[in-house]
Amino acid sequence: MTETEGERKPARVVVADDQTVVREGIVMLLGLLPGVEVVGAAGDGEEAVRLVGELAPDVVLMDLRMPRCDGVEATRRIRAQYPGTQVVVLTTYADDDSLFPALRAGARGYLTKDAGGDEIVRAVHSVLSGDAGLSPSVQRRLLERLSQADPVPVPAAGEAPDGLTTRETEVLVLIGEGLTNQEIARRLHVSTATVKTHINNLFAKTGLKDRAQAVRYAYSKGLVRPPTG
């Protein structure tokens, strides 16, 4: 016999958000809803990791952009050190550069802050049941990304040269293929400013000075191959 909604044990939750008004608002909202019990609140990622160690909550509702330790790094540490605690991201941002690093770090849910209280509670219980707690817009974005006919080729984990991140390597590959910043932004579904940031970072890591050097570098590392035929 399965548990009914009323019989189900409340999920013990820690809320992590650096904005005091937002954090307290989420805590107050969840306090009015059945099915969850807020056991702690953190103002940054470092505090979130510490509270998980002290309180062993079922779920952390995690903001992404926080001081000292951001939400992605906090998620990675929590999932590595305390695998019994799940993470649901609750953030303003749903762009690729926020979504995919969080999911790779181990988050099982991802909601934007326009989610209602009932949607948050559903996501919490979904991840505790072994399912994903994703908002409809995030589900659509994942499907769009998976259905892209021509994905950007990147090396396997651990093979990116000179300490480049996966996203920096994707940008480098597209530079090697001759795409402009605007074309790269459209291809990766990010802003042109984000592309420029990735280019600055990868140039700093590799010692490259311009796009011509970047193209040669991409070919020399086998990230891009000359067309055949």
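Biologist: Is Arg167 buried or exposed?
Modeller: This is a predicted model, in which local features need pLDDT of at least 70, side-chain atom pairs count only at pLDDT 80 or more, and totals for chains, interfaces and linings use all residues. Residues are numbered from 1 along each chain as its sequence is written, and side-chain values use heavy atoms, with hydrogens and water left out. Buried means under 20% relative accessible area, exposed over 50%, and partly exposed in between (1.4 Å probe, protein chains only). Arg167 has a relative accessible area of 9%, so the residue is buried.

Biologist: With which residue does Glu170 form a salt bridge?
Modeller: A salt bridge is a side-chain nitrogen of Lys or Arg within 4 Å of a carboxyl oxygen of Asp or Glu. The closest N and O atoms are 3.3 Å apart, and the partner is Arg167.

Biologist: How many residues apart are Asp44 and Arg68?
Modeller: Their side chains meet in a salt bridge (3.0 Å, N to O). Asp44 lies in the loop between strand 2 and helix 2, and Arg68 in the loop between strand 3 and helix 3. The pair links distant parts of the chain, and the separation is 24 residues.

Notes
Helix = DSSP H or I, 4+ residues; strand = E, 2+ residues; numbered from the N terminus.
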